[in-house]
Structures are given as structure tokens and as C-alpha cells.
Amino acid sequence: MIDALMPEALQSLATVTHSHMIKAALAADRLTRRFPDWDVERWTQLIDHAEWQGRSTVACLLHETVRASQTYSVQQAERVIARRLFPLAYRAGRDWYDAEGLHAMIHHYASRASNEPGYLGHGFSIWWSFVEAEQQITDEIQRLWLMERFVEMAAQSFPGFPPGHPDWIPPAWVAHGNVSLTSAWQVCLQRPGWYGHHLLSLAGLSRAQAGLAPEHWQRALETLVAKAQRQYLDPADNVLVLPDDIPEQPWSDDEWGGNLLAFSLAMRANIHALTLADALATLWDEATSIQRCGLQGAMARLLMAV
């Protein structure tokens, strides 16, 4: 699945805030392996429901269209990207890529991703999808496509270094260690957020735990809980509170795959049909019986908000 979807995702542009396409391609790949009994017809339905087609795309590597009179250092490249100086940011990103490699470039933002989750947690969850994609993509041209999409994501999520403020540094907070994964589960089940974005972030954090420095992971967990507990101005978020009629017994493993697919197709048509399904599958496999009941309750509440 990833061989079919990732090349398209790497050339897809964000039209509102962030592009979720790379995260969705990874999600589809995990779902394919998790549910091998989903047939072609079911997959076609889900991909169509995710509105995969019709995306704005680029036809070339954009850094190749920029003629620069200098080679940008890593520090200079970070500032050009943070100031959103496009299309120069693509050229600066390529210089950073050549100097340190894509892995170092993406991981440079680990602290900011854990401190600045941004709108609906995209700052962390989409950043982590680039970490995962970088580990899987070996083709050099595709890695350059990934670099350019990452430059766009970093510019959107992690702005800064305003001209005239030479002492500006990215925000950083020390983790307090007062939030556990169990307590984060409880909060996110009670307030799953618009289209389940708090559950999306929780699943991403669960997958990221082994790959993040402990202080970054703990801080990301604390910012997720703080965001989920906040009262949003958007009524669509505020109504997403755990329903009273939580089932006493979770679905069986035999029921789970079919019910997850039916849930995804019943939600509003959106790219998150893939990413939320993947997040729920990740959480389900890690959940206790009580947490699985909570997931079913949260899913029921999300359907009510469609």
C-alpha cells in the first residue's frame, strides 16, 4: 500500500494549515498489515472516503528552481524556514540536507514538536509522521520530495526568529513529570477532540515513545493533556465529552476490524478517515479491556458529532 500511495503523498501540498498526506500513506500501510482480510472493495471505499484524489500537487523539486548566490549554513537555513521565506526556504533546506542529512534535519525539531503541538496537535503528530517516513524511504529523489514537504511543515508549525530580535530563541518548557500515559488515556477518551485529534496525538505519542528523548516525550504528553483539557471556542470540540452509555464489554477481536471500517466510513469524508482509523487500531492493540470500552464510547460520541 505504501508503494502506491507514498509517491503521491510526497508531491501533495497543504491547502489548509498542514498536509496530512504523508501521515495518511503511513496509516494506510499499517492498516493493510493490521487487517489483511480487508478486500480490495473495502480498501477502495476507504481510500475514496479519505478524499485521496484531487489534491494540489507539485510537478518538480522546487529547490531546483531557485538560484542562490550563497550556500546556507544550518543556522541560516533554520531561520529562512522559520521566517517562511519561500521559495528561498526550499534552497536553504537543500543546503541543510546536504550538510547534515534528512534524519538530522527532521530530528532537529524534536524539542519544538514536543513543546509546540499547535492547532489540533498537528505540530507533533505530523512531525512524527516525517520521522517515520524518513526511516522507510530510501530512494534519493523521494527523500528530496520528503525534505521539501518537511520544509513546508516546519515553516507552518515552527515559525520564529523575527528580524530585529537577534536574541529570540524557540520556546521551551521543562516537563513536570506529573502526567502518565494512563492519565493521558483517560483525558483523551473523555475529550477525543474534533475528528478524534487527541486520540490521533495519543497514538502518535505511543508509537514515538521509544524514539524520543524521555524529556521530549514527557513534555509532549503533558502538552497533549493540557490541550485536551482546555475549553475550546469551537462548539464542535466542546460537545465531545465521554458519553454515559459506555459499553460494559468491548468488541471481540473478530468484530473489531469490521466495526472499525464501518466507523471510518460513517465519519465525515476526510483524509482523517485513514489517520484516525490507524490511530484507533494502534490504541486498541495496546488498550486494556476497560480502555477498549472507553474507545468504543469515544467513537460513538464522534459519530454523533458528524
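Why does Phe130 count as buried? Phe130 has a relative accessibility of 3%, so it counts as buried (buried means under 20% relative accessible area, exposed over 50%, partly exposed in between, with a 1.4 Å probe and protein chains only). The model is predicted: local features need pLDDT of at least 70, side-chain atom pairs count only at pLDDT 80 or more, and totals for chains, interfaces and linings use all residues. Residues are numbered from 1 along each chain as its sequence is written, and side-chain values use heavy atoms, with hydrogens and water left out.

**View 1. The ring pair of Tyr109 and Phe150.** The structure holds 14 aromatic pairs (rings of Phe, Tyr and Trp, the last by its six-membered ring, pair if their centres lie within 6.5 Å; planes under 30 degrees apart count as stacked, over 60 as edge-to-face and the rest as tilted). In the pair of Tyr109 and Phe150, the centres are 5.5 Å apart and the planes stand at 70°, an edge-to-face arrangement. Tyr109 lies in the loop between α6 (102–107) and α7 (110–115), and Phe150 in helix α9 (residues 140–157), so the pair ties together parts that are 41 residues apart in sequence. Helices are DSSP runs of H or I with at least four residues, numbered from the N terminus. Tyr109 and Phe150 are both buried.

**View 2. The ring pair of Phe130 and Phe150.** The ring centres of Phe130 and Phe150 are 5.3 Å apart and the planes are at 70°, so this pair is edge-to-face. Phe130 belongs to helix α8 (residues 122–136) and Phe150 to helix α9, so the pair ties together parts 20 residues apart in sequence. Phe150 is buried, with a relative accessible area of 1%. Ring pairs link Phe130 and Phe150 with Trp96, Tyr109 and Phe158 into a cluster.

**View 3. Trp52 in the largest nonpolar core.** This core has 95 residues, of which Trp52, Trp127, Leu260 and Leu274 touch the most other members (a nonpolar core is a set of buried Ala, Val, Leu, Ile, Met, Phe, Trp, Tyr and Cys residues joined through side-chain atoms within 4.5 Å). Leaving aside neighbours within four places in sequence, the contacts of Trp52 include Leu5, Met21, Ile47, Ile271 and Leu274 (contact means heavy atoms within 4.5 Å).

**View 4. The salt bridge of Glu132 and Arg207.** The count comes to 14 salt bridges (a side-chain nitrogen of Lys or Arg within 4 Å of a carboxyl oxygen of Asp or Glu). Glu132 and Arg207 meet at 3.3 Å, N to O. The pair links distant parts of the chain, with Glu132 in helix α8 and Arg207 in helix α11 (residues 197–208), 75 residues apart. Glu132 is buried, with a relative accessible area of 10%, whereas Arg207 is partly exposed at 25%. A network of salt bridges links Glu132 and Arg207 with Arg30 and Asp278.

View 5. Arg94 forms a salt bridge with Asp98, with the closest N and O atoms 2.9 Å apart. Asp98 is partly exposed, with a relative accessible area of 47%. The side chains of Glu222 and Arg219 form a salt bridge of 3.4 Å, N to O, and both residues are buried.

How values were computed: Helices (H or I, at least four residues) and strands (E, at least two) are DSSP runs, numbered from the N terminus.
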